[in-house]
Structure formats: C-alpha cells, structure tokens
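Reader: I am new to this structure. Could you walk me through the terms used for it?

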Amino acid sequence: MKRVHVAAAVIRDAAGKILIARRADTQHQGGLWEFPGGKVEADESVETALARELHEELGIVVDAARPLIKVRHDYPDKQVLLDVWEVSAFTGEPHGAEGQPLAWVTARDLTNYEFPAANQPIVAAARLPGQYLITPDGLETPALLRGMQKAIAGGIKLVQLRAPGGYDPKYRDLAVDAAGLCAGKAQLMLKGPFEWLGDFPSAGWHITAAQLRKHAAAGRPFGKDRWLAASCHSAEELSLAQQMDVDFVTLSPVQPTQTHPDAQPLGWAEAARLIEGFNRPVYLLGGVGPGERQKAWEAGAQGVAGIRAFWPEA
C-alpha cells in the first residue's frame, strides 16, 4: 500500500487561535475535525501543495510558514504521511470554500474537538511552544523562583522543574511554589515518583529514561488530561516512549554540553533521523539554545530545550 503524502496546516491568527475544519460525513474519517490541507501531487513540493490547497479550500494566500511535525499513520484501509506546517501569516479571510464548517479555537480548547487518530500528535504539537526551559542545579530557592518568574514574564510557556538531587521533601516544597508561579501562565512539568502525581494535579510529568525503562510496559500512568513527557537518548528509548504513549520527549545530547561532558553527542543528522521515525513532538536538548530553533524545526523537531541558554539570570 502506497503511503498518501498530505500537506496540512496549523493556521494561527493574530490572537493565536487555530483554524480547524470539519470533514464531510461522506469523507474518510467523516464528521471529525481536521487541520486544513490536502494531497501532495507527484510533481509538487510540500510548500507548493500547502499553498495550493489552502487557497482552494479556504481562499487564503500563505505569507509565512515553517515545518511543525511529520506523522506517519496506518489506518486499516490506508497509510498516510501528514506533513504539517505552521502558518503564522496569511492574506485573505478564511472561509469554507468547499462548504466545510470552520472554527477558530484556542490551543487549549483543541482537546474538546474530535480528530482522526492520526491527528493526535498534531494537536499536541499545536498546543506546545517552540522552547522548553529546564531549571538549573545548585540555586537557592529564592534565586530559582526569581529566575522562573523572569523567564515566564519573558514569554517562556513550558518549564521543567529539575530534580537533580533525587526526590527529597525539599523538591516537593519547591514544586508547590513553582506550581503557584506557573498557574495560568505556563505549563509546569515536574519529576519524581508516580506516588506524587495526585499532589500536583495541574502539573505535567517528565519521566527519566530509567523510569521509562521500568514503567513503559504498563502504559500511560494517568489520563490524557495532563502532559506526559520523557527524556530519550536513543531509538530504543523513543520506542519505549511511544509504547508508554507519552505526549512529547526531549532527545539529547545533540551537541557536546557542560552538564554531561562524557555523553556522546548525537549530532544534527542523527537527531533528524531519529525524529523521522517518531510520531510525537520532540525537543532537541544539549548544546542548543534559542538561536538553533529554526535549525531544530528543519530537523523535524518541535523546538529546543535547555538550561543555561534559556535561564534569564545565566
């Protein structure tokens, strides 16, 4: 069976809302919502196909777009490759040129709409930012909280509270303060044993590679209503992350780092190769910063994650 190559778009308006369309009942996966787009013809580039489809379907002209995520999905009756781009600027007023109902929804509200199974990673990618801040080691609590506050005020939307010294009571106290700082402004990702999950209902959970190896076979430890992420360093760990049904991962180290000087860096080409076989958002980590975001997007990643390069007081 030949894989159908589809160009699709996460289109954002000036307020950050995302445009979705409802599939006709007569179509494959009819009645469900989708991100606009269509089939890439044999002689077309993805960008050309995307521009053509959005003009035909919505009557708009694409002014600025970048790669967001690629998803390979096998339905019982067809195989698809969804080549998804984020459209951040367009000309024209989108309308359902083929009679399809449209809706502008906030990223948070996307989960209230029913999408085909192949679209689930796209929903995650559309809801996640391009940068993921990991807090540094060795700071006293006031300095750590001050830095987090500054980072969030500067636009950081996803923060991992790192637990380098194991899981001690001090981390839990800090997590309470961090949850208060992030409330309504940024998504907080915590680390620690699953026994703590109930104490921090608003936080996502970022598991270590060791936890992944231990718990992947048991599947997801909680529902889809909160974020689950994992630290990965190899194809094997990415496969376990998929088995556990995580929402996104960090993949590291891309380049040599001060934090882990002995770790063998993957390099950009290998990182891109690993991402290609993995159907979820990936943040590249290790020797990268905001300046590498474009390069990360071109490698198929959601964006970049880091400690030093993102910390406002570094």
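Author: We will take the terms in turn, for what is a predicted model.

Reader: Why is Cys182 called buried?
Author: Cys182 has a relative accessible area of 1%. Buried means under 20%. The value is under the cut-off, so Cys182 counts as buried.

Reader: What makes Cys232 buried or exposed?
Author: Cys232 is at 1% relative accessibility. Exposed would need over 50%, and buried means under 20%. Therefore Cys232 is buried.

Reader: How many disulfides does a search of the whole structure find?
Author: The search finds 0. A disulfide would need a pair of cysteine sulfur atoms within 2.5 Å.

Reader: Why is Gln131 called buried?
Author: Gln131 has a relative accessible area of 18%. The cut-off is 20%, and buried means under it. So Gln131 is buried. Gln131 is found in strand E8, residues 131–134. Leaving aside neighbours within four places in sequence, Gln131 is in contact with several residues, including Ile156, Leu158, Tyr283 and Phe310. Contact here takes heavy atoms within 4.5 Å.

Reader: What is the order of the open sheet of 4 strands?
Author: The order is E4-E1-E6-E5, and the pairing is mixed.

Reader: Why do strand E4 and strand E5 stand at the edges?
Author: Strand E4 (37–39) and strand E5 (61–74) each have a single partner strand, so one side of each is left without a neighbour in the sheet. From one strand to the next, the twist averages 20°.

Reader: How do you know that strand E1 and strand E6 pair?
Author: Two strands pair if there are at least two bridges between them. Strand E1 (residues 3–11) and strand E6 (residues 79–91) have 9 bridges, so they pair. The sense is parallel. His5 stands opposite Leu81 in E6.

Reader: Which strands does helix H1 lie across?
Author: Helix H1 (residues 46–58) lies across E1, E4, E5 and E6. Helix H1 runs at about 65° to E1. Helix H2 (residues 120–127) also packs on the sheet, touching E1, E5 and E6. The direction of H2 makes about 140° with that of E5.

Reader: What are the domains, and where are their bounds?
Author: Domain 1 is 1–121 and domain 2 is 129–308. Their C-alpha centres lie 28 Å apart.

Reader: How many residues of domain 1 are in contact with domain 2?
Author: There are 8, and they meet 9 residues of domain 2. The two domains bury about 780 Å² between them. Carbon and sulfur atoms carry 47% of that area. Arg66, Leu68 and Arg72 supply 54% of what domain 1 buries against domain 2, more than any other three residues.

Conventions. Residues are numbered from 1 along each chain as its sequence is written. This is a predicted model: local features need pLDDT of at least 70, side-chain atom pairs count only at pLDDT 80 or more; totals for chains, interfaces and linings use all residues. Side-chain values use heavy atoms; hydrogens and water are left out. Buried means under 20% relative accessible area, exposed over 50%, partly exposed in between (1.4 Å probe, protein chains only). Helices (H or I, at least four residues) and strands (E, at least two) are DSSP runs, numbered from the N terminus. Axes are lines fitted to C-alpha atoms, for helices over the stretch in contact, and angles run from 0 to 180 degrees between N-to-C directions. Domain bounds come from an automatic or database domain assignment. Buried area is the accessible area (1.4 Å probe) that two parts lose on being put together, summed over both.
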